[in-house]
Amino acid sequence: MDKFESIGEKMHVLATQLYPICRSITGEGVRETLSIVRKQIPIEIREVPTGTKVFDWEVPREWNIRDAWVKDPAGNKIIDFQDHNLHVLNYSIPVHRKIELTELKKHLHTQPEQPDLIPYRTSYYQENWGFCLPHRQYEQLEEGEYEVYIDSRLEPGHLTYGELYLPGKTSEEIIFSAHVCHPSLANDNLSGIGLITFLAHSLLSEDRQFSYRFLFIPGTIGSITWLALNEDITARIKGGLVASLVGDPGDFTYKKSRQGNTLIDRMVTHVLKHSGTGYRIIDFFPYGYDERQFCSPGFDLAVGNLTRSQFGQYPEYHTSGDNLELIRPEYLEASFQVYRQIVDILEQDGYYESKNPKCEPQLGKRGLYDAIGGESDRKELQMAMLWVLNLADGQHSLLDMAERSGYSFELINRISKILVEKELLGKCVAK
Ligand code: ZN
């Protein structure tokens, strides 16, 4: 990696490498994607055989595709998979035949409200074939005999996913997941892959309090498979986030975990509140991304979904308009920083006890006003210091103090370090 590039730029470079690959919930596209991610972080690539029972589901047959096209009555290729991966209904079975336009239309998918864009459509669990095209092109198709060709294979193989586990001082773990199943869609897929890749990268060489697990999994069936194979691990999961849609210009959206007031919910809320950017916080609902599985009642994990625009709520969603121009390095970077601040809170939060709990300590004689000198808003710092001294009773974490005082965790944490140095606070053993 070029050290002069920002993290946002690195995320965009990674997305640019991954964009042309035709991904699906299984197949070579996922393997190729994971092998590119593995150049940044040391993920393990796991293969789960077709037919493996995973709760109420089964790992499907593996899908791979080489080519696909439609030729008009004059023999011109009018739809070509080589031009755009989205032109083929994802998981199409193989076909090669000549058909009339009325029959062909039963297999064509468009999005009339976005007439110039190719929609993204899938048919994973129902055998079908089809093509996707701009509605404007669809309207101009003339009567006659068309030739359709899809060179795909749907056969026993594997479901592939990537996993990186970074152990910390405690076995309690935090999970971050991103889906890896969308072909040539940038915000919905690649932005999330980039975010958790570089978040993991930033943690690789750090001394970690918590253990972290990063999952690069196909949507729905991937999280179901992971949960089915790792049920014993789930008791150790303290919280997590599903990362997606983090590269567009929209305000942040945090969809809370099913429980709604877990530590991860509080941390995300706190970071967004102090981020200086627009955001909204919404309650859990049982559709969306893989938080659906992590928050199913049998697991009910503290896993939320932190995005910029909400899924389905931006015009380019699930179309060819969700491309590398939609995601920008500055938005990717801002999203990365929000995720990283959440990790910082996790790593730095703790309980402290005042060594001078009976009345306020005299700050002046300890040089504490000088210790926070040079700061532009000294009054605010003094107020925050009084909050920390007052709440340092061993019962309030730094996050509790930040929430109650209205100051940022970063400020409260910085002040607690000064007070420890001045021997006014002692850190309690981990709770
Ligand atoms: Zn999607």
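**Cavities and a helix pair**

User: Which residues line the largest cavity?
Analyst: In this predicted model, the lining of the largest cavity is made up of T253, K255, I282, F285, Y287, G288, Y289, E291, N305, T307, Q310 and F311.

User: Which strands supply at least two residues each of that lining?
Analyst: Strand β14 (252–255) and strand β16 (303–307) each supply at least two residues of the lining of the largest cavity.

User: And by class, what does that lining have?
Analyst: The lining of the largest cavity has 5 nonpolar, 5 polar and 2 charged residues, and the space inside the largest cavity comes to about 50 Å³.

User: How many cavities of 30 Å³ or more are there?
Analyst: The count is 2 cavities of 30 Å³ or more, and the second largest cavity has a volume of about 30 Å³.

User: What lines the second largest cavity?
Analyst: The second largest cavity is lined by C22, W63, F81, N85, L86, V88, N90 and P183, a lining that divides into 6 nonpolar, 2 polar and no charged residues.

User: Switching to helices, at what angle do α5 and α9 pack?
Analyst: Helix α5 (residues 186–203) packs with helix α9 (residues 329–348) at an angle of about 45°, and their axes lie 10 Å apart. That angle is why α5 counts as oblique to α9.

User: Is the crossing left-handed or right-handed?
Analyst: The crossing of α5 and α9 is right-handed.

User: Which residues make the contact?
Analyst: From α5 the contact is made by S191, L195, F198, L199, S202 and L203, and from α9 by L332, S335, F336, Y339, R340 and V343; by class, this contact of α5 with α9 has 8 nonpolar, 3 polar and 1 charged residues.

Notes
Residues are numbered from 1 along each chain as its sequence is written. This is a predicted model: local features need pLDDT of at least 70, side-chain atom pairs count only at pLDDT 80 or more; totals for chains, interfaces and linings use all residues. Side-chain values use heavy atoms; hydrogens and water are left out. Axes are lines fitted to C-alpha atoms, for helices over the stretch in contact, and angles run from 0 to 180 degrees between N-to-C directions. Helices (H or I, at least four residues) and strands (E, at least two) are DSSP runs, numbered from the N terminus. Angles under 35 degrees count as roughly parallel, over 145 as roughly antiparallel, 65 to 115 as roughly perpendicular and the rest as oblique. A crossing is left-handed if the near helix is turned anticlockwise from the far one by less than a right angle, and right-handed if clockwise. Contact means heavy atoms within 4.5 Å. Ala, Val, Leu, Ile, Met, Phe, Trp, Tyr, Cys and Pro count as nonpolar, Asp, Glu, Lys and Arg as charged, and the others, Gly among them, as polar. On a 1 Å grid over the protein atoms alone, a cavity is a set of points where a 1.4 Å probe fits but cannot get out, and a pocket is an open set with protein on both sides within 12 Å along at least five of seven lines; lining residues have an atom within 4 Å of a point. Grid points are joined across faces, edges and corners, and a volume is the space filled by probe spheres set on the points.
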